[in-house]
Amino acid sequence: MRWAVIRFPGSHCAVDVEHAIDVLRLGEARVLRGDAVSLEGADAVVLPGGFSHGDYLRPGAIAARAPVMAAVREFARRGGPVLGICNGFQILCEAGMLPGALTVNRRRRFVCQDVNLRVERADLPFTRGYRPGEVIVWPIAHEQGRFVAEPRTLARIEDQGQVVLRYSDPGGVLDDRFNPNGSAGAIAGVANDRGNVLGVMPHPERAVDPRLGPTDGARLFTALADVWVGSER
Amino acid sequence: MPHFDVNVLVRLREGTLDPAAEALEDGLSGLGFEGVRTLGIDRRIRLRIEAADARAALASADRMARELLANPVLEDYEISVAGGERA
């Protein structure tokens, strides 16, 4: 399986995604730059975290308009899986490929910790390795991760089941004290209406290696690989 | 081609939680300033645009604001030629 990892100037988490794919033995990760015009036959696309283009103007704003995004958009239009992590999620929102926006955390602090996430959708290519309602642990590291959207957009994504992950307590109960950034609806991950584009603020690629901490992120990557193997048969 | 200096003022939409404004209020209050509210910490982007006339420069700045400079989910914007006409 071929993974395209898109690196913009300042996307420092591309190496973490490469590490995850390597540790999990899920194929080949190829790092492409923002000025690439082709995804070189990729089977899945990952927009990693970081501070693309210095996060100047707004996080992800400049990267969202980079040349490679035309290819990413076309890949998604054909149904290919696109995963945006942290800054990658911000890029997908700025590109209009996901609804809403991500802005300064409620308490304006950079938050860096493991969080509990309740899986709201376990039927997407990204989440088939989880059980509905399961609580998993991934780390977050961001200052601008508060998900916001206009009330009618929020209502639509809730109605259509586009909320994939929410911040919760360890038992899966929504509790404001466990919402680390003040996101609307405690939303930590959102998909597009077709379910093939997913943005998540927490970092699944940093939760794959038992030497480094929690490993609940691994199942996201293995699920994507399983779906790909199924489609190749 | 003449050029025109255009100001694009970007600010958070009314009702959007603004943690930076709240922090500023805390700072002012710490200095003993009371009875003051922060209405916004805006961003002013100054552009020099080559265009046939001021109207064309404003139209071009408006497209730039819609396509990149402001995020409509979070922000409003206002455009004016520096020292003059408003759009």
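Rings of Phe, Tyr and Trp (its six-membered ring) pair if their centres lie within 6.5 Å; planes under 30 degrees apart count as stacked, over 60 as edge-to-face and the rest as tilted. The model is predicted, so local features need pLDDT of at least 70 and side-chain atom pairs count only at pLDDT 80 or more, while totals for chains, interfaces and linings use all residues. Residues are numbered from 1 along each chain as its sequence is written, chains are lettered from A in the order in which they are written, and side-chain values use heavy atoms, with hydrogens and water left out.

**Exercise 1. Find the aromatic pairs and describe their geometry.**

Step 1. Under the ring rule, the count over all chains is two aromatic pairs.

Step 2. Trp3(A) and Phe221(A) make a tilted pair, with 6.1 Å centre to centre and 55° between the planes. Trp3(A) belongs to strand 1 (residues 2–7) of chain A and Phe221(A) to helix 5 (residues 218–232), so the pair links parts of the chain 218 residues apart; helices (H or I, at least four residues) and strands (E, at least two) are DSSP runs, numbered from the N terminus.

Step 3. Phe89(A) and Phe147(A) are stacked, at 6.2 Å centre to centre and 15° between the planes. Phe89(A) is in helix 3 (residues 87–94) of chain A, and Phe147(A) is in strand 8 (residues 146–148) of chain A.

Step 4. Buried means under 20% relative accessible area, exposed over 50%, partly exposed in between (1.4 Å probe, protein chains only). Both Trp3(A) and Phe221(A) are buried, and both Phe89(A) and Phe147(A) are buried.

**Exercise 2. Follow the salt bridge between Arg65(A) and Glu94(A).**

Step 1. A salt bridge is a side-chain nitrogen of Lys or Arg within 4 Å of a carboxyl oxygen of Asp or Glu. By this rule there are 24 salt bridges over all chains.

Step 2. In one of them, Arg65(A) and Glu94(A) come to 2.9 Å, N to O. Arg65(A) lies in the loop between strand 3 and helix 2 of chain A, and Glu94(A) in helix 3 of chain A, 29 residues apart.

Step 3. Arg65(A) is partly exposed because its relative accessible area is 36%, whereas Glu94(A) has 11% and therefore counts as buried.

Step 4. A network of salt bridges links Arg58(A), Arg65(A), Glu94(A) and Glu75(B).

**Exercise 3. Which side of helix 2 of chain B holds its buried residues?**

Step 1. The buried residues of this helix are Ala54(B), Ala57(B), Leu58(B), Ser60(B), Ala61(B), Ala65(B) and Leu69(B).

Step 2. Viewed down the axis of helix 2 of chain B, these residues fall within an arc of 165°, so they line one face; the arc is that of the directions from the helix axis to the C-beta atoms.

Step 3. The face turned away from the buried side carries the exposed residues Arg55(B), Arg66(B) and Glu67(B).

Step 4. The cover over the buried residues includes strand 1 (3–12), strand 2 (43–50) and strand 3 (75–81) of chain B; contact means heavy atoms within 4.5 Å.

**Exercise 4. Describe the surroundings of Asp55(A).**

Step 1. Asp55(A) sits in the loop between strand 3 (44–47) and helix 2 (68–77) of chain A.

Step 2. Leaving aside residues up to four places away in sequence, Asp55(A) touches Gly50(A), Gly60(A) and Asn87(A).

Step 3. Asp55(A) is buried yet has no salt bridge, and the nearest side chain of opposite charge, Arg58(A), is 10 Å away. Here Lys and Arg count as positive and Asp and Glu as negative; His and the chain ends are not counted.
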